[in-house]
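Thanks for coming. I will go through one structure today, beginning with a sheet and then moving to single residues.

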Amino acid sequence: MKVSLPGYLHPQGRRAGTVRCTREGAVLRVELNDPANGNAVTDAMLNDLLEILTVPDPDVRVLVLSAAGDDFCLGGDRTEFADWLDEDPTGRGIRISGDKARRVCEAISGNHAVTVAAVHGKVIGAGLALALACDLRVGADTAAFRLPELALGLPTAWGGVLPRLIHEVGAARARELILTGRAFDAAEACELSVLQRVVPPGDLDEAVAAWTRPIVRRPEAALRVTKAVLNSYAAPTRLGDPSLLDAELMACVAAATRRT
């Protein structure tokens, strides 16, 4: 049974903008919905995601993040970055967007619901950051992954992707993927723990359902506390959070690269 969420979902789901949402019982499905643009992350998409993710519904036990079209996400919208630098060579627009990106990824990783990423096609840059922010990740066996920021003259500083990547795959492998910028397939992504399961493209929905069916039956309080405890133990012990500097690093390097 599909129902609406107060405030931002219509009876058939939220369809305006670049993100589409539907609610099915205790499962909220959030779909990146700008396939003509490869679901590249724009400022408008970040605004749409923030609107959804910062209004949690206590009855939602699972949040599924997926995407329409041929690709999950082709990364950040570079045209938008260039326009921002034209408007303000100091990178102010990139700073503002970078702060939104961090808040979006934190809203996913810190969500009281269990978050599941279902990815297919190309999963690049910011798209990989969004997937890594999720608790569980399943991918089509045809999916391809890449972190190309260095080749584009940018640091790997979007949405806190670097600490999450290091935590999930290890520092040595993260270093190799970032410095070379090479693509890797779904099988390797599973070996690296970027994905926890790989299935044929047609089986993605069933793979997600196999996870969500038992989760939605768990007592709400126990599920919420367990998620909080897992997040607490998974977080690296540190005096500060370097990802808070992501927006500043991205803006400074982008501005410097543009000047040279």
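**A three-stranded sheet, and some residues**

Three strands make up an open sheet with mixed pairing, in the order β6-β8-β9. Its edge strands are β6 (122-124) and β9 (184-185), each of which pairs on one side only. Strands here are DSSP runs of E with at least two residues, helices are runs of H or I with at least four, and both are numbered from the N terminus. Two strands count as paired if DSSP finds at least two bridges between them. Strands of a sheet pair through backbone hydrogen bonds, either parallel or antiparallel.

Strand β8, residues 144-146, runs antiparallel to β9, and two bridges join them. In β9, D185 is the bridge partner of A144.

Before I go on, a word on what you are looking at. This is a predicted model, in which local features need pLDDT of at least 70 and side-chain atom pairs count only at pLDDT 80 or more, while totals for chains, interfaces and linings use all residues. Residues are numbered from 1 along each chain as its sequence is written, and side-chain values use heavy atoms, with hydrogens and water left out.

Now the chain as a whole. The protein chain has 10 helices and 10 strands. It has 260 residues, and 50% of them count as buried; buried means under 20% relative accessible area, exposed over 50%, and partly exposed in between, with a 1.4 Å probe and protein chains only. Among contacts (heavy atoms within 4.5 Å) with a separation of 6 or more, 71% are between residues 24 or more positions apart.

Next, two residues. Where is T18 placed? T18 sits in the loop between β1 (2-3) and β2 (19-24). T18 counts as buried because its relative accessible area is 13%. Leaving out residues up to four places away in sequence, T18 touches E31, L32, N33, D34, A44, M45 and D48.

D43 belongs to helix α1, residues 43-53. Is D43 buried or exposed? D43 has 18% relative accessibility, so it counts as buried. With residues up to four places away in sequence again left out, the contacts of D43 are E80, W84, S97 and K100.

Last, V229, which lies in helix α9 (residues 220-234). V229 counts as partly exposed because its relative accessibility is 38%.

That is the end of my part.
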